[in-house]
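Please read it alongside the sequence and coordinates.

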Amino acid sequence: MQITKTNLEQFINELIKSGKPVVAPIRENNLSAYKPINSFNQINLDLPFPTKSAKEYFLADYEKILSYSFGEKGQIEMKEPDQPKELILFGVRPCEAASFPIMNKVFSWDSQDKFYQERLAKNLVITVACEQSDDFCFCTSVGLSPQATDGSDIFMRKTQTGDYLAEGITDKGKNLIEKHKDLFAENSNEKPIDYKGPEKKFDLKKIKPWLEKNFEHPMWNQISLPCIGCGVCTFTCPNCYCFDMVDEATLKEGARYKMWDSCQFRMFTVHASGHNPRDNQSKRFRQRIEHKFNYYPDKFDHTLCVGCGRCIRHCPADMSLLETLITINKLT
Amino acid sequence: MLDKLKQRIKELLTNKIVNCVIGYEQGDNPTLARPVYITKPNEAERLVYNEYCIPILAKYILKPEVRSLKLEAGKIGIIAKPSDVRALVGLIQEKQIIREDVYIIAVGRKEDFPKIYDEIIETPLSELDAKRKTQDAEQLKQIAEFEKKTPEEKRAFWQREFDKCIKCYACRQICPLCYCRVCIADKNQPQWIPPMPNSGGNFSWNMIRAYHLAGRCIDCGECERACPVDIPLMMLNKKIQQMIKEKFDYQAGLDPEVPPPLSTYQEDDKEKFII
Ligand code: SF4
Ligand code: SF4
Ligand code: SF4
Ligand code: SF4
C-alpha cells in the first residue's frame, strides 16, 4: 500500500489520538532517543540513531515484578505487577526490529519470561527502511539489510517522491493498515529507495568456528586493553538481555525489581565466596564476543547481534566489536 | 611533533628507562583515538597524537593488566596531557601510585602542567586543550545561569537530567580518581544505593559520585564525555570545585605536596568533631 507524507502524518496523529502511546525517535538537545510522542512533528528519522535502542520498550530498563505487604494479622498479601501497556513503535530501524524475535528465543526457552513475551505480543512495530548508514553499521555482515522485515509488523519504504510504501508483515500490522485504509492507496508504479546498506565487512561463517577453538588466544589480552568495563556497549545494545534483581523492603511492605545488568561489570560474576571467574576486563570483553557469536548461536541458532554498531559508536574508549570480528576473520 | 614523540618513546624503550608506554593509536572511530600500550621500540610507529586523543590515560595506569606490565625494575611511561598529569598528582597524593613507578612525558605548553613531569615535548596550545578551555568557560556560564533558578527549578532541572541515567557507570569507570576496588554503588549487603535506574536510584548515584570526588576531581571532563546520555556532570563537579576553592583555597591535582583538604586534619580545626 502507498501512503503520502501528509497521510502518514495524519495516520500517526490518529494513532496518538486513539490513546495508545506512540513511541518514535526524537531529538532532545543533541540526544536522539525513542520517546512517546504527542505529535508527528516531533519525529526525527535522521542520523544519528537513538543512543539507546528500542529494547527498553520490550525489556524494561527496570520494572517491579512483584510486591507484597503484611496485613493486620501478619498475613502476606501479594500484589500483581502492573500490566505493560500496548505500544506502537514508529520509525524503528530494521536491525533493531530484528532483535526483538532474536531475544525472544531466550525469553521463551526453559522458563517463560512473561514480561518480555507480553510486551512482544502487545507492541506493534512500524519499521522504516534505512536510507543511510554510518561508519559503525554492519547489518549486512550479520545477514540483515536495510530492507530486512524480521520483527516488523508494518514495513515502510520511502519512495523517490517522498511518499511511503507500507507493507503489512504480520496480521497485527495488516489489520492496522486495514483499519486506516482510507489513508492508504494501492501502490502506484513508484519505486522505493533501494538502499543496499553498508558494504559487507567480515564473513560471519568464519567467526563461530574460530571462537570455539580460541578461548585462550593471546588476542583477547591485546585487543581488550582499552576497555574500561562500563555498561555502555551492553546497555545500548538492542540484543543484550542480561538482568539482575533486587528486593526493597520495609517492615510493612516490599517489592522486587528487575533491571538491566552487564557482563562488562566486575560484579556480574562475583561469587558469594568472593571468587570471580572473570577477574579481569579481558575475560569480560571476551565473554561479550563469545556469547554473541558462539554460545547464543549454539543454543538458539542465531547470532546475538544485528549489526547496529551502537557498542562501537558509543564506547568511550573506542573498543570496536567490528574490528575484533575483522581481526578474527584475518586469523582464520 | 609526532616524529619527535615517536623517536623519544623508542629511545626510552630501547634504553629500558620504561618497560611500556601508554599512548594513543588510531582505531575505528575517526573522532576518538584509542588508548594503546607500547612495549617494543618498533611499535612506537603506531602512536598518534592529535585533537582526538581524548580518553584520559592516567586511568589506565591503574589497570591490573598494566601494573603487571611494569615488571620488576622498569617504569610505566605515559604520554600526558595537562589533565593526565593532574590526575597523576591526585593518584600520588592518595597513594595509589608511587611517583618513581611512572615516567611522565608531557605534551603541550609548559604553563599548563603541574611541574612533576619527567620531560616535556613542547607544543603550542593544542586544539584539544583549546577546546577544553572553551568548554570550561561554557560550563561556568551554565553554572551561573543555573544559580539564578529557584530551588524548585533547580530540583526539576536535575530530576530531568538524572532521569536519563541508565546506570552504565561509564562516568565512574573512566574517572581516574574513581579507583575504589568496591564502589559504594556495588555494595549490596546491604544495598546502599538502589541499583535500578529510577528517580531515587539515579539521584543517589549521581550525587554520591559527585560528593566522593569533592576536592579530588581534577576537572578532566571525562565523566561527562563518557556519559552516553549527555548528563551535564561537569556542572556538578565544577560547582563543588568552586566551593572547595572558596572554603579551603584548594584546587585538586596541582601540587602533590599540598595535603588534600578533605582527607587530612589539623588540630586547630574549628570543627570539634574532626579529632
Ligand atoms: S567495550 Fe567500551 S563500552 Fe563496552 S565495557 Fe569496554 S569501554 Fe565500556
Ligand atoms: S553487539 Fe553491538 S552491533 Fe551488535 S547488536 Fe549489539 S550493539 Fe549492535
Ligand atoms: S553480551 Fe553480556 S550483557 Fe550481553 S547478553 Fe551476553 S552476557 Fe548478557
Ligand atoms: S555515565 Fe551517565 S548514564 Fe552512565 S551511570 Fe554515569 S551518569 Fe548515568
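**Cores, chain B and ligand 2**

1. In the largest nonpolar core, which has 145 residues, the members touching the most others are A:Leu89, A:Phe293, A:Leu321, B:Ile9, B:Ile61 and B:Ile104. Such a core is a set of buried Ala, Val, Leu, Ile, Met, Phe, Trp, Tyr and Cys residues joined through side-chain atoms within 4.5 Å, where buried means under 20% relative accessible area (1.4 Å probe, protein chains only). Helix α2 of chain A (residues 94-107) gives the most to this core, with eight residues; helices are DSSP runs of H or I, at least four residues, and strands runs of E, at least two, numbered from the N terminus.

2. This is a predicted model, in which local features need pLDDT of at least 70 and side-chain atom pairs count only at pLDDT 80 or more, whereas totals for chains, interfaces and linings use all residues. Side-chain values use heavy atoms, without hydrogens and water, residues are numbered from 1 along each chain as its sequence is written, and chains are lettered from A and ligands numbered from 1 in the order in which they are written.

3. Leaving aside neighbours within four places in sequence, B:Ile61 is in contact (heavy atoms within 4.5 Å) with B:Ile22, B:Arg67, B:Ile76, B:Ile78, B:Leu88, B:Leu91, B:Ile97 and B:Val102.

4. Chain B has nine helices and five strands, and 54% of its 275 residues count as buried.

5. Of the 13 residues around ligand 2 (a heavy atom within 4 Å), A:Cys237, A:Cys305, A:Cys308, A:Gly309 and A:Cys311 come nearest.

Definitions and conventions
Buried < 20%, exposed > 50% of the residue type's maximum accessible area, 1.4 Å probe, protein only.
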